[in-house]
2 protein chains.
Amino acid sequence: MSEENHSVRVTFEPDGKTVEDSSGTLLELAQAANTSLRGDCGGAGVCGKCRVQIVKLYGEVSDPTEKERDHLKDGEIAAGYRLACQTKILSGKCTVHIPPASRTAKREISGLGLDEDVPLDPAVRKIHVKPEKATFGDPRPDIQRLKDSLQAGDELKFPLTVLSGLPAVLRSSGWNITVTLWKDKLVSVEQGDTSKECFGIAVDIGSSKIICHLVNLVTGETIAKANGENPQIMYGEDVVSRITYASKSPEKLKKLQSLVTGTINSLIEEACRESGKSPENIYEMVFVGNSVMHHLVLGIIPKYIGVAPFVPAVTDLVSFPAKDIGININPDGMITAIPLIGGFIGADAVANILISGIYETDDLCLLIDIGTNSEILLGNSKEIMACSAPSGPSFEGAHISSGMKAVSGAIESVKIIDGKLLYSTIDDEKPRGICGSGIIDLVAELYTAGIITRTGKFRNLDHPRIVVRDVPRFIVAGKEESGIDNDISVSEKDINEFLLAKGSLKAGWKILAKKWGIAPSEIDRIYLAGSFGTHVNIDNAIVLDILPDIDREKIVFAGETAVGGAKIALKSLEKRNELKEILKRVKYVELSIEHSFQKDYLASIPISGRKS
Amino acid sequence: MSEENHSVRVTFEPDGKTVEDSSGTLLELAQAANTSLRGDCGGAGVCGKCRVQIVKLYGEVSDPTEKERDHLKDGEIAAGYRLACQTKILSGKCTVHIPPASRTAKREISGLGLDEDVPLDPAVRKIHVKPEKATFGDPRPDIQRLKDSLQAGDELKFPLTVLSGLPAVLRSSGWNITVTLWKDKLVSVEQGDTSKECFGIAVDIGSSKIICHLVNLVTGETIAKANGENPQIMYGEDVVSRITYASKSPEKLKKLQSLVTGTINSLIEEACRESGKSPENIYEMVFVGNSVMHHLVLGIIPKYIGVAPFVPAVTDLVSFPAKDIGININPDGMITAIPLIGGFIGADAVANILISGIYETDDLCLLIDIGTNSEILLGNSKEIMACSAPSGPSFEGAHISSGMKAVSGAIESVKIIDGKLLYSTIDDEKPRGICGSGIIDLVAELYTAGIITRTGKFRNLDHPRIVVRDVPRFIVAGKEESGIDNDISVSEKDINEFLLAKGSLKAGWKILAKKWGIAPSEIDRIYLAGSFGTHVNIDNAIVLDILPDIDREKIVFAGETAVGGAKIALKSLEKRNELKEILKRVKYVELSIEHSFQKDYLASIPISGRKS
């Protein structure tokens with residue numbers, strides 16, 4: 001029996017926590033792993049709150065119990081949904097996704113749904129060498145001694161700072177040093193053997209969130225994580241406002257740049273403090289971001305990404321000294337920007353391609369990364385089509401009268417059962433607004449419950465929750481129960497805003513599928529990327545046509561793919577170099593100039609989904 | 001006759017001024033050229049002050065007149081010495097050297113004795129291009145449009161500053177720009193066609209003087225010159241004191257660095273003001289200097305050049321962004337350091353090799369560049385031997401009780417005729433001290449007049465100019481005629497200091513000649529480099545064995561070779577690249593470890609020259 005236990009390995013997503021060697025139920029394993037899975041009835045199979053989805057399984061799982069059949073629909077069981085308290089993994093390994101409704105704890109930056117392991121081949125290498133001591137009979141200059149000890153020739157480049165520090169380091173170390181190379185550039189010379197202290201940082205610069213992972217470049221391990229809000233949000237929640245602000249003057253551009261770099265520096269400090277490492281020993285930062293974030297962090301005016309013909313300054317992978325943008329890693333360390341695909345398809349899409357591996361599979365994959373501009377990729381090893389759907393900020397909770405970001409107090413899930421509305425909030429705080437996943441649930445539930453039409457109009461203004469204040473509004477949480485001394489509601493205008501957004505998204509994947517010459521249902525696999533993907537109710541997303549209606553088991557919650565893709569590029573020069581070739585196979589589809597766009601878009605706005 | 005005139009072209013050195021189309025005497029030509037030649041008797045052939053040396057002649061010159069034969073010795077006439085007021089160039093072209101004693105005017109930075117013309121092939125190129133305007137159907141990013149317009153590929157590098165400025169420049173110029181390349185690096189993108197505004201600066205960073213030449217890199221012309229004192233002199237006249245000071249702390253190193261870079265920046269401003277050009281349009285600075293100056297300007301601690309085994313940090317040609325050391329040319333312009341040969345043989349020696357062309361002739365050439373450490377080169381196209389003679393600062397007027405640099409009021413030449421001492425000072429000011437060329441004259445004249453022995457001892461303390469104050473001293477200028485309210489004198493100790501210096505120099509070329517396997521008299525040509533060379537009295541230098549005793553016409557006054565060599569490297573990438581190969585043929589001879597050095601040195605201290 002103990003042998004059987006040893007062969008069991010369960011990873012809980014989005015927390016990314018793994019448990020081995022245990023014979024308990026998934027709920028017990030989850031509790032041992034200290035994840036955020038609810039277990040309100042104590043594992044008695046009564047409350048049904050511990051509903052989870054087995055997304056990958058290489059082994060055997062126990063059959064569904066009677067209690068599970070009571071709480072779950074047949075389709076759900078087929079899609080891998082189980083009650084954690086009733087389920088045991090009998091052998092092998094599996095990945096279990098915990099949907100938002102089944103989570104309790106304060107949400108943390110999630111781990112990765114996809115594997116980021118690659119053979120280690122970083123741009124940064126540290127080499128411990130003992131150059132020959134200078135003697136009277138051997139007049140080679142210091143840098144030549146160093147080159148000779150590395151068996152390097154003229155291809156070795158060095159900045160002046162490293163050269164000017166070299167004579168003292170060579171002598172104070174007793175000719176015993178560790179050299180750091182970034183490709184063929186000498187970035188640091190340190191006393192003694194510090195070859196194990198070799199780190200890099202991967203950063204996902206999102207419009208609203210910045211995520212840093214500190215990676216040990218000798219072992220490949222992620223040793224610390226830190227994340228923070230993108231403070232540019234003060235100058236506009238959406239990227240368009242930031243483009244406008246940054247384009248007003250060089251000072252304002254500089255302002256937005258330093259807001260981001262300042263935050264990155266704080267996060268680097270935090271990650272270093274947490275892991276007991278020194279920023280001096282971080283030699284490269286690889287970052288991803290959409291085109292606007294990419295330009296802003298590099299201090300490039302993003303103005304021309306924002307106006308027709310929407311041309312970025314640069315799309316290729318570029319590297320510059322970190323000090324050029326004031327990033328506080330090793331003074332001669334480098335920053336590397338993952339390439340962009342075009343003005344609307346940023347480096348995060350490239351990171352998605354890299355980590356999902358859709359560029360090397362024969363399966364036809366759809367990858368959706370929802371944001372203000374949602375990135376949609378469809379393809380396989382032969383070709384990848386990419387488009388950007390201007391879905392607007394409603395998926396992020398903005399431009400909706402009671403909308404808010406996914407932070408404490410946001411209504412993140414909604415259910416209408418027998419006419420009764422139930423909701424849950426992040427951190428179980430009093431509701432302060434509705435975030436993206438809550439809006440999806442709300443609209444889908446309103447539709448499923450027959451309260452709104454396919455075009456988002458209220459069927460019956462006499463509904464007890466509908467009030468007319470200027471316009472008709474559906475009350476989600478009344479003033480008395482909310483945390484903001486006001487009703488939390490949606491109007492027809494809000495619903496319309498949302499339907500326009502999802503229409504744009506649907507038109508995007510519909511056009512890509514049409515161009516590929518297949519029906520959306522023929523897609524082999526769908527990757528749902530980003531933190532949004534890990535919190536959304538998939539069934540409701542399908543009801544609203546945010547995703548094509550395919551078998552649930554073909555849907556992969558890809559997690560925080562952007563920072564994961566950046567880590568792959570940080571850890572593997574081979575993968576990084578491969579990007580150029582991969583991106584040649586990516587075809588950018590500008591939706592707005594597509595012949596059928598207007599028609600497809602209009603047809604995509606109404607809800608067409610089955611009432612599940 | 002007018003045809004004959006047209007074929008005459010005379011260049012006066014060290015001023016570097018050329019006159020064409022004139023039938024006057026050399027004195028009249030010199031006056032027309034506004035040089036500093038004396039003509040005290042108005043060209044009557046009486047005073048003999050207009051004595052000049054014809055150093056190169058490709059044509060015919062008038063025969064010596066009776067008056068010339070009165071003033072000049074036969075050997076002098078054979079060596080090309082003439083009275084300018086009596087001499088006419090009948091045809092062809094010639095170069096005339098004006099010795100210090102024949103000069104009147106305030107001395108200026110001299111022109112070059114040697115040709116610095118090379119086929120133009122600078123590292124910096126400006127190209128006027130019109131990249132294709134961005135359109136909706138053509139989503140190439142800005143940098144790609146630029147690359148395509150240049151037909152450049154991935155080899156084109158660009159700093160972030162250039163990239164970040166690119167979108168605005170492309171659009172405000174109406175897609176009409178001028179690109180500046182430094183090798184394969186994009187250093188600037190400017191609006192419109194500025195391809196003619198392309199400049200570089202060559203700088204000779206001497207221990208005492210800094211010389212800047214502003215060069216038009218489209219025409220090859222030198223368009224402005226500026227020079228100033230090296231303010232590091234506050235921290236020591238000799239390089240050893242500066243090594244000591246700079247090695248005390250990083251702040252003190254920084255201090256010495258910024259003193260030089262600050263002066264260079266002032267000189268750049270001055271040269272730009274004079275020529276009406278903008279420092280923004282200077283894209284490269286090429287500099288030469290001895291090893292210590294080289295390290296100090298780059299901010300590299302020079303400590304280990306100063307202590308055994310005297311190893312520099314770097315000797316190869318290196319280039320860095322100008323902003324790394326705070327040089328105010330174009331923000332992304334480059335600085336390039338001419339390579340060093342070793343700790344004691346600096347980049348000025350390399351510049352000497354480059355401009356003299358001794359690396360490409362079959363003639364065996366000796367090149368002497370006198371300074372605190374005098375550089376001596378002996379060789380031809382096959383091999384060049386280089387050594388550094390620690391001649392001390394006495395040639396520069398230091399470490400001598402009345403010594404001073406070659407500035408206003410310095411006694412620069414001395415003559416003892418029939419027991420009567422005559423001297424001339426720079427700018428004809430009252431004497432304030434004796435500079436290098438004055439000391440050479442003084443010691444040689446004291447020896448020739450029998451006042452000192454070969455070992456520099458006073459023969460007769462009863463000489464009317466010898467007084468004993470602590471030690472015996474020879475009064476050159478009494479308190480009453482000096483400009484410093486004190487006697488200007490030399491003691492036996494001063495003379496000894498000088499003899500040690502010239503002994504070191506002589507031992508240097510003697511050992512090189514011995515290693516080459518020839519007698520010094522067999523040398524085909526001697527180049528005397530630097531401003532010292534243009535002011536020294538050759539006969540006296542030979543009396544004192546500063547130079548081997550060879551035919552005077554084999555001696556070339558090479559002038560300001562250091563800045564000239566830097567200009568060649570600035571103007572020709574081919575020559576610059578050739579340096580690596582040339583320097584492979586340079587063999588550094590460390591005198592102090594030579595077997596015979598001690599013996600040769602001791603034997604070289606006494607004066608052995610003929611009393612001419």
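How many residues does the contact take from chain B and from chain A? The contact takes 41 residues from each of them: 41 from chain B and 41 from chain A. Keep in mind that this is a predicted model.

Start by showing both chains as surfaces. Together, chain B and chain A bury about 3,200 Å², and 75% of that area lies on carbon and sulfur atoms. Next, select Phe136(B), Leu160(B) and Tyr304(B). These residues supply 20% of the area that chain B buries against chain A, more than any other three residues.

Now turn to the charged and polar pairs. Two salt bridges are counted between chain B and chain A. To see a salt bridge, select Asp154(B) and Lys580(A), whose side chains meet at 3.4 Å, N to O. Across the interface of the two chains, eight residue pairs are in polar contact.

Then switch to cartoon and colour α5 (142–150), α6 (160–172) and β13 (318–321) of chain B. Each of these elements gives two or more residues to the side of chain B that touches chain A. The most come from α6(B), with six residues. Colour that side of chain B by class to find 25 nonpolar, six polar and ten charged residues.

Finally, look at how the copies are related.

Key. Residues are numbered from 1 along each chain as its sequence is written. Chains are lettered from A and ligands numbered from 1 in the order in which they are written. This is a predicted model: local features need pLDDT of at least 70, side-chain atom pairs count only at pLDDT 80 or more; totals for chains, interfaces and linings use all residues. Side-chain values use heavy atoms; hydrogens and water are left out. Contact means heavy atoms within 4.5 Å. Buried area is the accessible area (1.4 Å probe) that two parts lose on being put together, summed over both. A salt bridge is a side-chain nitrogen of Lys or Arg within 4 Å of a carboxyl oxygen of Asp or Glu. A polar contact is a pair of N or O atoms within 3.5 Å; within protein, one must be able to donate a hydrogen and the other to accept it, and residues adjacent in sequence count only if both atoms are side-chain atoms. Helices (H or I, at least four residues) and strands (E, at least two) are DSSP runs, numbered from the N terminus. Ala, Val, Leu, Ile, Met, Phe, Trp, Tyr, Cys and Pro count as nonpolar, Asp, Glu, Lys and Arg as charged, and the others, Gly among them, as polar.
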